Amino acid sequence: MTFQSLLIVLAEDDDGHATLIQRNLKRSGILNTIHRVHDGQEALDLLHGEGKYQGQSPPTRCLLLLDINMPRLNGIEVLRRLKADSRTDSIPVIMITTTDSPREVETCYRLGCGVYITKPVEPSLFTEAVQRLGLFLQIITLPHDKGGSSKQLEIVQPD
Amino acid sequence: MGRNLSMLQKGLLLFAAPVLFQLVFFGALLKMERESFEAQSAATQTQDVITQTEMVFRSLIEAINSSRGYVITGNELFKTASRDSIDAAEAEISRLYTLVPRTSERGTYVDLIEKRATALIHWLERVDHLLDANQREQAIEEIKNLEGKHRTDDLRAAIDEFLDEQRLQDAHRRDELDRSWRLQNRFLISGLIAVLGITLTILFVFYLGISRRLELLAEKARLVAQGRPLTPPMPGTDEISLLDQRFHEMAKSLVERNQENELFTYSVSHDLRSPLVNLQGFSEELTHSAEELQRLIEGSNLPSEAQARVARLLRDDIPESIHFIQTAVARMATIIDALLRLSRAGRVEYRLVNVDVTAIVRRVVDSLHNDIDQHGARVSVQELPEAWGDATAIEQLFANLISNAVNYLDPDRPGTIEIGAIDAHDSGTNGRIIYYVKDNGLGIPKDYQSKLFLAFQRFHPGVSRGEGIGLALVHRIVNRHGGQIWARSAPGHGTTFYVSLATRKPTETPSSIDSSISHRARNLTHDVPVTADRAG
């Protein structure tokens with residue numbers, strides 16, 4: 001069985017938060033490429049191959065890290081649109097946000113996000129989240145034993 | 001009726017009733033006085049008439065006697081005396097006519113008297129004439145025959161008839177006067193009673209209208225002070241109803257202002273979280289970078305003195321700086337968290353159900369078992385009746401109270417905590433239950449007891465961590481449930497918190513003005529991360 005590496009798409013408007021997340025993921029040994037977009041609209045454009053990404057074919061396999069509080073289009077709205085579109089409804093989504101308001105959580109789960117993490121993003125929580133997603137969406141973390149002391153992982157999906 | 005008259009109208013009405021009575025009373029008094037006066041003068045007049053009539057008779061008798069004397073003695077003096085008496089009688093008759101007008105009813109009686117008197121006088125004069133004409137024998141004959149007596153008797157009869165008539169009239173008049181007096185007396189007394197009755201009734205109606213409504217208004221003020229919903233507005237159009245309307249408006253604006261405050265607090269706290277993430281995250285990053293630098297320096301070719309200095313920077317100074325930054329950031333995070341939680345307590349919508357309080361309390365005690373064991377405390381949970389409220393909020397309530405009890409135990413003696421309810425069996429009576437959480441811990445000094453439920457005040461700093469909003473949170477929750485919370489404490493002996501909640505759905509929902517007034521107070525809480533607060 002061959003696997004395809006997932007592109008991690010990070011939709012986050014705050015540069016500081018984005019940097020922290022990327023560093024944390026790297027530090028926990030995740031090898032996947034991380035592509036950063038700055039708000040919800042950009043995320044949708046990327047995934048549909050429209051707007052700013054007109055002409056580029058959308059990534060076939062990706063994992064979406066979605067912040068909720070973004071300008072123009074917030075995370076919840078992006079989630080709703082993704083799940084309403086058959087082209088994108090099977091993309092695994094992890095919501096990340098500062099708030100833990102129960103109502104927001106409920107809305108997200110109702111809309112079909114896989115997992116919900118609060119910032120700051122602890123690497124262990126992240127891998128746990130990915131693993132939980134894996135149960136539903138057939139993504140797994142493949143350890144890369146490069147002989148080094150640090151553990152390295154890659155998130156993949158079967159073809 | 002009492003509600004729609006202005007205070008002025010009410011006052012006038014109350015005033016009018018007795019005044020009216022007094023007017024009537026004086027009127028009656030005046031009438032009685034006038035009647036009495038009239039009766040008096042009538043009586044006097046009657047007396048005069050009687051006297052006058054008798055005088056007529058007496059004069060004529062004197063005339064007769066004088067005439068007889070003249071006949072017997074022939075002395076001129078008797079003749080003169082007789083003449084004088086006759087003149088006197090005539091004068092008295094005229095005077096009688098002044099007292100009793102000829103034209104009146106009684107006038108006819110007097111006419112008869114006059115006629116008879118005149119007849120008698122004529123007879124007397126005839127006798128006198130006979131004597132003057134020296135016809136003594138005829139004169140004596142005249143006296144001997146009964147003519148004189150007859151005429152005298154006739155006169156007497158006429159007089160008696162007249163006097164009887166007078167006395168009859170007199171008696172009549174007195175009877176009438178009596179009756180009139182008695183009637184008026186009765187009228188006055190019943191009038192007095194009626195006015196008293198009316199005044200009392202009006203007073204009572206106005207008591208209902210004024211005193212009782214003012215009491216209701218005072219009660220509303222108390223409800224506002226306690227942050228509870230108000231009773232419905234009062235109907236009516238008078239000054240008190242107006243005051244009541246204004247009061248409701250004021251309470252509403254208070255509520256709105258408080259809600260705005262809470263909203264503000266919430267949005268500010270919410271917005272602060274984002275920079276907080278960066279602060280926490282990058283101070284962590286600095287630590288990582290310093291660690292990596294340290295590793296690189298160790299494996300490098302720097303001269304040892306420089307290496308030592310760099311090592312010291314990387315090992316001591318920089319981490320220490322970062323540590324202080326992180327501590328401060330952590331403190332900020334807890335404060336913001338607490339603010340959010342407090343403002344959320346006022347904003348989140350409640351789902352009201354019958355809450356199994358026993359189950360909730362047992363669950364809370366369970367979740368605290370580590371802390372409880374650590375303090376070596378004993379916790380007992382009594383029979384707790386169901387309460388009507390929001391399950392999550394009530395769990396937060398007990399979680400805060402119980403964890404406070406655990407964390408503020410006295411290290412010098414074995415701790416006991418008891419959670420129970422007063423009148424557990426009488427819950428049906430007035431629909432309220434008083435739960436209590438009792439400990440034998442450090443207690444709260446008297447000075448701080450009044451400020452217990454204000455936010456951000458820690459009474460026993462150093463005893464446990466927490467930002468100090470637990471009791472403020474609890475107070476907010478209790479208020480929103482329409483209940484009450486209070487504490488009894490003796491420093492060095494322990495504290496008992498009492499919470500009163502509704503035990504079943506209230507049959508009538510009061511106007512839902514949820515006036516939340518946040519105070520600033522001291523408290524002793526340890527902020528427990530209750531399950532309800534964790535999302536997801």
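1. A contact here is a pair of heavy atoms within 4.5 Å. Of the 159 residues of chain A, 51% count as buried, where buried means under 20% relative accessible area, exposed means over 50%, and partly exposed lies in between (1.4 Å probe, protein chains only).

2. Conventions. Residues are numbered from 1 along each chain as its sequence is written, and chains are lettered from A and ligands numbered from 1 in the order in which they are written. The model is predicted, with local features needing pLDDT of at least 70, side-chain atom pairs counting only at pLDDT 80 or more, and totals for chains, interfaces and linings using all residues, while side-chain values use heavy atoms, hydrogens and water being left out.

3. Elements and confidence. Chain A has 5 helices and 8 strands, in the order β-β-α-β-α-β-α-β-α-β-α-β-β along the sequence. These are DSSP runs numbered from the N terminus (helices H or I, at least four residues; strands E, at least two). The predictor's confidence in each residue is given as pLDDT, from 0 to 100. Its mean over chain A is 82, and 90% of the residues of chain A reach 70 or more. Among the elements of chain A, β3(A) has the highest mean pLDDT (94) and helix α5 (residues 123–137) the lowest (72).

4. Helix α2 of chain A. This helix (residues 40–48) is largely enclosed by the rest of the structure, because 8 of its 9 residues are buried. The buried residues are A:Gly40, A:Glu42, A:Ala43, A:Leu44, A:Asp45, A:Leu46, A:Leu47 and A:His48. They pack against β2 (7–11), β3 (34–37), β4 (62–67) and α3 (75–84) of chain A.

5. At the start of α2(A), a side-chain oxygen of A:Asp39 comes within 3.0 Å of the backbone nitrogen of A:Gln41. After α2(A) comes A:Gly49, with a positive phi near 70°.

6. A:Glu42 and A:Lys52 meet through their side chains in a salt bridge (3.1 Å, N to O). The pair links distant parts of the chain, with A:Lys52 in the loop between α2 and β4 of chain A and A:Glu42 in helix α2 of chain A, 10 residues apart. The term requires a side-chain nitrogen of Lys or Arg within 4 Å of a carboxyl oxygen of Asp or Glu.

7. Salt bridges within helices of chain B. By this rule there are 31 salt bridges over all chains. One of them joins B:Asp87 and B:Arg83 (3.6 Å, N to O). Both residues lie in helix α2 (residues 76–99) of chain B, 4 residues apart, about one turn of the helix. B:Asp87 is partly exposed at 37% relative accessible area, and B:Arg83 is partly exposed at 32%. In helix α6 (residues 239–298) of chain B, B:Arg246 and B:Glu249 are 3 residues apart and therefore separated by about one helical turn. Their closest N and O atoms are 3.4 Å apart, in a salt bridge. B:Arg246 is partly exposed with a relative accessible area of 45%, as is B:Glu249 with 44%. In chain A, salt bridges that share partners join A:Glu77, A:Arg80 and A:Arg81 into one network.

8. Extent of the interface. Chain A and chain B bury about 1500 Å² between them, 57% of it on carbon and sulfur atoms. Buried area is the accessible area (1.4 Å probe) that two parts lose on being put together, summed over both. In terms of contacts, 19 residues of chain A touch 16 residues of chain B.

9. Polar pairs and composition of the interface. Between chain A and chain B there is 1 salt bridge, formed by the side chains of A:Arg23 and B:Glu285 (2.4 Å, N to O). There are also 4 residue pairs in polar contact between the two chains, both residues at pLDDT 80 or more. A polar contact is a pair of N or O atoms within 3.5 Å; within protein, one must be able to donate a hydrogen and the other to accept it, and residues adjacent in sequence count only if both atoms are side-chain atoms. On the side of chain A that touches chain B, the elements giving two or more residues are α1 (15–27) and α4 (102–111) of chain A. The largest share, 7 residues, comes from α1(A).
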